[in-house]
Amino acid sequence: MHVSNNALADLVPVDVVVNKSLVAAWHSGVNRPRNLMSYNCTTDNTNPFHWGEVEHHVISTFKRNPLEQAFRWSNVNLTSNHLLYHYWIAVSRKASGFLDDIYLRMTGRSPWMMKAITHLHKAVMLLEYFTSNSWVWNTDNVNMLINQLNLEDKKTFNIDARQLHWAEYIEN
């Protein structure tokens, strides 16, 4: 993927998103705020994780937990260099996908790698804007929600992105 290594990878686990939605609904129902409140579900300024770190954690995870029945060895290449990005698309994706499809044909199976690679490439291209830029969001309302929860509710409805441990998150 083409990324800016310093851009924030504002990844938020879905359970945190759901929990924030539930807590925000609870808060609105109990307190009936006069104004519409927004709760930005983000990790950007509370627990920053940069795209340059993502590659390291994903590769480490694949090394510790190799896929047993994968068609090919899993890898990730994140780069801010356009030339290197296009090289990896040509060599790692298209050339190897073409060779994989030849192998599939020779073994009497239907080729599918080039079609999958084309779909993957289109999806990755759509993400490039988000993997090359960063945004800073206001989290004051989320912090207010965190402060209003008692200890038991903080455990049940974990909405505090500061508690995310990125290496563990990527591996899980």
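This is a short walk through a few telling places in the structure above.

The model is a predicted one, in which local features need pLDDT of at least 70, side-chain atom pairs count only at pLDDT 80 or more, and totals for chains, interfaces and linings use all residues. Residues are numbered from 1 along each chain as its sequence is written, and side-chain values use heavy atoms, with hydrogens and water left out.

Let us begin before the helices (DSSP runs of H or I with at least four residues, numbered from the N terminus, while strands are E runs of at least two). Ala-7 sits in the segment that precedes H1. With a relative accessible area of 3%, Ala-7 is buried; here buried means under 20% relative accessible area, exposed over 50%, and partly exposed in between, with a 1.4 Å probe and protein chains only. What does Ala-7 touch, leaving aside its neighbours within four places in sequence? Its contacts (heavy atoms within 4.5 Å) are Phe-49, His-50, Trp-51, Thr-131, Ser-132, Asn-133 and Ser-134. For Thr-131, 124 residues apart from Ala-7 along the chain, the C-alpha separation is 6.6 Å.

Beyond the neighbours within four places in sequence, Lys-20 is in contact with Asn-40, Cys-41, Thr-42, Val-142 and Ile-159. In the loop between H1 and H2 you will find Arg-32, which has a positive phi of about 45° although it is not a glycine. Arg-32 counts as exposed because its relative accessibility is 66%.

Now for the charged pairs. Side chains of opposite charge can pair when their charged atoms come close. How many salt bridges does a search of the whole structure find? The search finds 2. In one, the side chains of Arg-64 and Glu-171 meet at 2.5 Å, N to O. This pair links distant parts of the chain, with Arg-64 in helix H2 (residues 51-64) and Glu-171 in helix H7, 107 residues apart. Arg-64 is partly exposed at 47% relative accessibility, and Glu-171 is partly exposed with a relative accessible area of 31%. Asp-160 and Arg-162 also form a salt bridge, at 2.8 Å, N to O. Asp-160 is buried, at 13% relative accessible area, whereas Arg-162 is partly exposed at 48%.

The aromatic rings come next. A pair of aromatic rings is described by the distance of the centres and the angle of the planes. Rings of Phe, Tyr and Trp (its six-membered ring) pair if their centres lie within 6.5 Å; planes under 30 degrees apart count as stacked, over 60 as edge-to-face and the rest as tilted. A search of the whole structure finds 6 aromatic pairs. Among them is the pair of Tyr-129 and Phe-130, edge-to-face at 5.4 Å centre to centre and 85° between the planes. Trp-166 and Tyr-169 are edge-to-face too, because their ring centres are 5.6 Å apart and their planes stand at 80°. These two residues are 3 apart in helix H7 (residues 166-171), so about one helical turn separates them. Trp-166 is buried at 7% relative accessibility, while Tyr-169 is partly exposed at 31%.

Together with Leu-127, Tyr-129, Trp-135 and Trp-137, Phe-130 makes a nonpolar surface patch of about 540 Å². Patches are made of residues with over 30% relative accessible area and no salt bridge, joining like charges within 9 Å and nonpolar side chains (Val, Leu, Ile, Met, Phe, Trp, Tyr) within 5 Å; the areas come from the Shrake-Rupley method with a 1.4 Å probe, and for residues only the protein chains shown count as cover.

Helix H4 also holds Lys-122, which is exposed at 51% relative accessibility.

Notes. Salt bridge = Lys/Arg side-chain N within 4 Å of Asp/Glu carboxyl O.
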